[in-house]
Amino acid sequence: MKMNLPVVLLKGIVLLPNNEIRLEFDNTVSKSVIDVSELFHDNNVLVVSQENLLEEFPKISDLPRIGVIAKIIHKIELPNGNVRVVIKGSRRGKVLEYLNLEKGSDILEAIVVELLDTVIDKSEEAILTNKLYREVEEYIKGIPYISNNILGIIENINSLSEMTDVLASFLPTKLERIQQYLYSNDVKNRAKMILTDINDGKKIYDIEKSIDQKVKHEIDNNQKEYLLREKIKAIKEELGDISSKDEEIDKLKEKIESLVAPKHIKERLASEIKRYEGLSQTSPEANIVRNYIDWLLSLPWSETTKDNEDLNDVRKKLDISHYGLEKVKVRIIEYLAIKQMTNSLKSPIICLVGPPGVGKTSLAFSIASAINRNFVKMSVGGIHDEAEIIGHRRAYIGASPGRIIQSLKKAKSTNPVFLIDEIDKMTKDFRGDPASSLLEVLDPEQNQFFSDNYIEEEYDLSNVMFIATANYIEDIPEALKDRLEIVNLSGYTEYEKLDIAKRHLIGKICKNHGIDCSKIYFSDEILLYIIRGYTREAGVRELERQLSNIIRKIVADIVMDKVNYEKYRITVKLVTKFLGKVKYNFNEINKLSKVGVVNGLAYTSFGGDTLPIEVNYFKGSGNLFLTGSLGDVMKESAHIALSYIKSNYKQFGIDYEKLTKNDIHIHVPEGAIPKDGPSAGITLTTALISAFTSKKIPANLAMTGEITLRGNILPIGGLKEKSIGASRNGIKKIIIPYGNLNDLDEIPKEIKDNIDYIAVKNYKEVMNIINEEKVLSKV
């Protein structure tokens, strides 16, 4: 199809399809070409390259008949009146006729048709494309002064036509040769030209290399070095910087001599020292090279700490610092035991998953202290740039190593305990994917060859004991999760919190506040009163804050001479005075049984909790309304529950007209908090049946389980946490899926002593339990 396009005439430059060119126009005619293209041709132009470089105003007959149909993709009007544009070539064009050429004063236009590439067989195209990629890769490897950026550009190009155009502009060829590429629409011919030019480039480089080697051998190396050093010394004396820099270089060489590091590191340091010697102190590159040398010298290449081999002592220290957490402690003891037996074991990569405040971060520090290793911490929450992990390349101004290398410098040993905190809170967007950068770090098979972009040398991380922490295992990317040894830490029970407060918190708080803890007495009843009335969490952070609040006020009273007791006994009255009225009344929630209200169980970031579900109905047409910030899965569970009831309405004694001639509203309180998951299936079903049959469900009964359209009850997760939350809220009986019976072994004994568990396989069993007709599986 013919088209009329304004012409951009280049001199000394050739634009090929699939390539970009940046131009700046300063004369009126050239700027008019851009304006015409923008107004009438959708920013399209024809770019041709003048063959006769000496002629300022060429004749029409001398202009090329082949050009590139291109598009102006960016335009900037500069303050000096010039116009700067970016033009991208799209395809070859054949000029049928040039128009309006009058001594360069008017806009040059051309009637153009697209010059199509020759058709080539798909299989042959794939073979030639792969051949070109391999040849370019070998070409770049063999010639050191050729950039390897082109490999990243052509890696995903499958079109032979596009690849040849991109490569032709990349190769260091003459202008006439590039014009030959432009004039050829034979794809196979262009591929052959590329291969020829690559081969010629290799030959030229081999010849140059051979000549350099011959010249090098002809000069006596020692004499050459002597002469060069004398010249450098004379130059330095003229510049006045001989004394300070020479002393500095001598000190650096002494450090390199005493450094215990792999051979390739010492060779790299020697090379960088030579480079630094040849740079002026005023050169910006001198600081870059010096910083790099300092980083290589400061890293611990061979320094290690000796592990504590007394396993009983390790266990004792871990028990003193942290209550419970049995799985993690056993795993550390196992690692040390096997290491003693084999003498060569890679450190484990553990991920502690659990709600806030259960001791994940502090446990990592305690592990380091117990096994006598240095400790470093890196928080990755909110990181969106992988350079934060693996560093920036030295080509960038202000470049530095990533946090892995920076932390190892602080650790001063190659085998520290390395905590990677909040690993589930890394972000992935257009700026980067830091989780992918951690794959190499946290893979035991790869991390001995870890390479930071700044350091550019391999660093062995296999001796580092990595411990990661997370609140939600679902937010950890699957590829990263596969490399981690997951250890779940659930919330503490009330009695576990009581024990932690007595063993750890009160003594620690008293010490921090400068008071003898023997002067303050907390009874078990008072501590439980504080735990139940003033905290609502899976961990013990809020409990620690409340105890600190009480002790602070006692210290203030003592200092101000308000009290001077030998022993300060904490009572309910004092707790109310210091902390205010009770914040949480767990045991009074849903104390009265109500129609259409059933207690479900939820697993939140703060541990387990009860989740009352309310159902109401009113005149309508069978519509279902769901409120309470419910997620898609929970909404689906509500629809499944309603469908199940409709299909079995006779068994539940429900009038079908109630289901079809009324609108139903299901609400889950605390609407600001998002809720999701399938485990509320049987709770939703029971609440609906309760509403339509006007039967009250006992307030001390809770239930959890996913329901199917056939009424089958499927297993759920987080039963331990849900049970702890239920016990805290005064629940006495829980209906659970039969598939969760094995999970009861993980539930603390004091919880199981206070709660009756009833396992069910089908919803009909749930109704039997509620109607007190039949209990199938009481645990």
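Q: What sits over the ring of Y738?
A: The charged end of K761, 4.5 Å from the ring centre. The rule: NZ of Lys or CZ of Arg within 6 Å of the centre and within 35 degrees of the ring normal.

Q: And which face does R394 lie over?
A: That of Y292, at 3.7 Å from the ring centre.

Q: What are the ground rules here?
A: This is a predicted model; local features need pLDDT of at least 70, side-chain atom pairs 80 or more, while totals for chains, interfaces and linings use all residues. Numbering runs from 1 along each chain as its sequence is written, and side-chain values use heavy atoms, without hydrogens and water.

Q: How many aromatic pairs?
A: Eleven. Phe, Tyr and Trp (six-membered ring) pair with centres within 6.5 Å; planes under 30 degrees apart are stacked, over 60 edge-to-face, the rest tilted.

Q: How are the rings of F652 and Y763 placed?
A: Their centres are 6.0 Å apart and their planes at 80 degrees, so the pair is edge-to-face. F652 is in the loop between α22 and α23, Y763 in helix α27, 111 residues apart. Helices are DSSP runs (H or I, at least four residues), numbered from the N terminus.

Q: Is F652 buried or exposed?
A: Buried, at 9% relative accessibility. Y763 is buried too, at 0%. Buried means under 20% relative accessible area, exposed over 50%, partly exposed in between (1.4 Å probe, protein chains only).

Q: New topic. Why is α25 described as largely enclosed?
A: Because nine of its ten residues are buried. Among them are L719, E721 and R728.

Notes: Helices (H or I, at least four residues) and strands (E, at least two) are DSSP runs, numbered from the N terminus.
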